[in-house]
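Good morning, everyone, and thank you for letting me take a few minutes of the meeting.

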Amino acid sequence: MIGIAYILLAVSTLILASVVVARLTHNLGIPTLILFLAVGMMAGSDGAGVIVLTDARLAQSIGVVALVLILFSGGLDTNWHDVRPVATQAARLATIGVLITTVSIGAFSTLVLDFSLLEGMLLGAVISSTDAAAVFAVLRSKNVHLQQRIKALLELESGSNDPMAVFLTVSTIGLLNAIEQTEQTYVDVLIQFVLQMGIGIVCGLIFGRLLVWMINRIKSPYEGIYPVLALAFAGFVYSATSLINGSGFLAVYAAGMMLGNSNVIQKRSLLRFFDGFAWLSQIGMFITLGLLVRPSKLITVLMPGMLIALGLMIGARPLSVFVSLLPREYSWREKIFISWVGLRGAAPIILATFPLLANVERADAIFTTVFFIVLTSALMQGWSIPHAARLLGVEAPPSKPIRYPIESVPTVGADTELVDLSVPHGSAVAGKTIIELGLPQASLIALIARKETFIIPSGSTVLEEGDTLLVIVKKTDLPEVQRIFSEKALQPPPTEYNRTNSGSG
């Protein structure tokens with residue numbers, strides 16, 4: 001009992017210290033990533049010695065679980081209507097861009113660290129992906145206001161490029177461990193990558209749809225059961241997909257996006273729950289990785305680590321962005337900014353534990369170098385992103401999240417829910433009055449959020465694209481209400497002008 005109490009005391013104290021330090025230094029512009037890592041390092045073996053962590057496998061396991069929850073939360077908060085226009089560009093950055101970064105850093109590392117080409121490629125693969133936790137935390141802070149398509153591209157890229165980095169890391173470790181290097185091996189590697197990505201996307205969409213179905217039909221009188229269901233399902237999606245050789249990280253991100261872009265009951269409580277859980281996961285993950293590293297070893301890689309970090313920020317990352325994005329898709333200012341937001345965080349450190357567990361010869365040097373690069377990236381890039389956005393002219397006016405003046409507290413035995421439904425672009429309900437919708441008799445639209453105002457509706461209120469509605473609906477009627485709001489508008493009939501011009505040619 002005393003041992004458990006000591007562990008709980010140490011863990012809770014570290015989390016509390018991280019929150020307090022992050023709040024006290026908020027106005028200094030120091031990335032929270034650095035603060036959480038610093039708390040871990042100060043409490044570790046080279047610091048106060050409160051917790052001595054030497055088990056890389058344990059740290060990796062904690063990091064993977066935390067990253068799964070962060071990716072699920074990130075997907076839950078990603079609006080598909082915003083990211084759909086940039087999906088192709090994000091896919092290129094998440095594949096071609098990661099590969100270019102790996103090769104560039106691999107070649108550079110052979111000069112700076114006197115690595116072999118494969119060892120350099122391994123280092124490049126480990127740090128090749130941008131970190132979802134770091135990018136989400138920075139871009140969704142109150143200090144950063146970006147043009148929507150740039151923000152969507154960066155978030156979608158960071159949520160989807162981990163599978164490529166994992167794949168390249170594992171493949172390079174296999175080559176270093178003397179797997180037979182034949183032409184067929186490389187073909188098999190390519191096929192395996194395509195299968196992993198494909199299985200990950202398919203499983204994510206299927207499991208996400210299943211989760212939506214379960215949440216809308218479980219009909220539990222207890223509000224707290226829905227976040228528990230989603231939390232367990234996130235773990236299930238990752239593990240089930242990984243066991244059939246798919247990309248679990250991509251699957252869990254896709255499942256979260258599927259849930260976040262569907263009309264489900266208790267959606268707001270799910271968003272609040274996972275927002276808090278994502279923060280807890282970030283704190284726990286960064287503290288754990290901070291405990292694992294030995295700060296005294298960072299000095300041994302100071303010069304080569306700084307050179308590689310600079311090479312990544314001003315060389316490899318910009319090269320990958322400019323090659324992956326076509327000339328007419330983004331301006332040079334936008335590409336420079338996208339390059340600068342190539343934040344590295346916990347994901348590369350987690351990947352750096354793979355060589356340690358595989359007993360790669362220079363794994364310790366790779367881990368220490370990666371940790372140094374992550375610290376340098378966060379210090380040099382994280383705090384400067386708002387200033388870079390302003391300097392390069394990619395800022396957008398700040399938008400305020402919708403905060404409804406009413407709230408629903410479910411009661412035991414109640415058969416109604418307060419759900420929020422949106423009127424997307426091209427919706428069949430746009431331009432109709434409420435009375436024309438044909439909602440079930442027991443359904444009531446209680447409030448409409450339109451731009452920055454709230455409207456108390458009547459039967460003659462006309463709905464507009466972009467409206468968000470709070471609807472009181474019986475649970476049994478929810479599928480019918482969702483069907484009404486999900487219908488697409490038919491193509492409008494040709495106007496008199498169009499008919500006249502079409503017949504004149």
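Let me begin with helix H6, which spans residues 117–126 and is largely enclosed by the rest of the structure, because seven of its 10 residues are buried. Those buried residues are Glu119, Gly120, Leu122, Leu123, Gly124, Ala125 and Val126. If you look for what covers them, you will find, among others, helix H5 (87–112), helix H9 (162–176), helix H15 (302–324), helix H17 (346–357) and H18. Please keep in mind throughout that this is a predicted model.

Now let me step back to the whole chain, whose secondary structure comes to 21 helices and four strands. Of its 505 residues, 50% are buried, and the accessible surface comes to about 23,900 Å², with 65% of that belonging to carbon and sulfur atoms. When we take the contacts between residues at least 6 apart in sequence, 81% of them join residues at least 24 apart.

With a relative accessible area of 17%, phenylalanine 207 is buried, whereas phenylalanine 236, at 40%, is partly exposed.

Another pair is made by tyrosine 238 and phenylalanine 249, whose ring centres are 5.3 Å apart and whose planes stand at 45 degrees, so this pair is tilted. Tyrosine 238 belongs to helix H11 and phenylalanine 249 to helix H12 (residues 248–260), so that the parts tied together here are 11 residues apart in sequence. Tyrosine 238 has a relative accessible area of 21% and is partly exposed, because buried means under 20%, while phenylalanine 249 counts as buried at 11%. Elsewhere, Phe72, Phe273, Phe274 and Phe277 form one aromatic cluster.

The loop between helix H10 (183–217) and helix H11 (225–243) is where tyrosine 222 is found. Tyrosine 222 is exposed, with a relative accessible area of 54%, and together with Ile218, Ile225 and Val228 it makes a nonpolar surface patch of about 370 Å².

Finally, let us consider the charged side chains, for which a search of the whole structure finds nine salt bridges. In one of them, glutamate 329 meets arginine 92 at 2.4 Å, N to O. Glutamate 329 lies in the loop between H15 and H16 and arginine 92 in helix H5, so the pair ties together parts that are 237 residues apart in sequence. Are these two residues buried or exposed? Both glutamate 329 and arginine 92 are buried.

Arginine 450 also takes part in a salt bridge with glutamate 464, where the closest N and O atoms are 3.5 Å apart. Glutamate 464 sits in the loop between strand E3 (453–455) and strand E4 (468–474), and arginine 450 in strand E2 (residues 444–450), so parts 14 residues apart in sequence are tied together. Glutamate 464 is partly exposed, at 38% relative accessible area, but arginine 450 counts as buried at 15%. The side chain of arginine 450 meets that of aspartate 467 as well, in a salt bridge of 2.7 Å, N to O. Aspartate 467 is buried, with a relative accessible area of 2%. Through these shared partners, Arg450, Glu464 and Asp467 are joined into one network.

Notes: Residues are numbered from 1 along each chain as its sequence is written. This is a predicted model: local features need pLDDT of at least 70, side-chain atom pairs count only at pLDDT 80 or more; totals for chains, interfaces and linings use all residues. Side-chain values use heavy atoms; hydrogens and water are left out. Patches are made of residues with over 30% relative accessible area and no salt bridge: like charges are joined within 9 Å, nonpolar side chains (Val, Leu, Ile, Met, Phe, Trp, Tyr) within 5 Å. Accessible areas come from the Shrake-Rupley method with a 1.4 Å probe; for residues, only the protein chains shown count as cover. A salt bridge is a side-chain nitrogen of Lys or Arg within 4 Å of a carboxyl oxygen of Asp or Glu. Helices (H or I, at least four residues) and strands (E, at least two) are DSSP runs, numbered from the N terminus. Buried means under 20% relative accessible area, exposed over 50%, partly exposed in between (1.4 Å probe, protein chains only). Contact means heavy atoms within 4.5 Å. Rings of Phe, Tyr and Trp (its six-membered ring) pair if their centres lie within 6.5 Å; planes under 30 degrees apart count as stacked, over 60 as edge-to-face and the rest as tilted.
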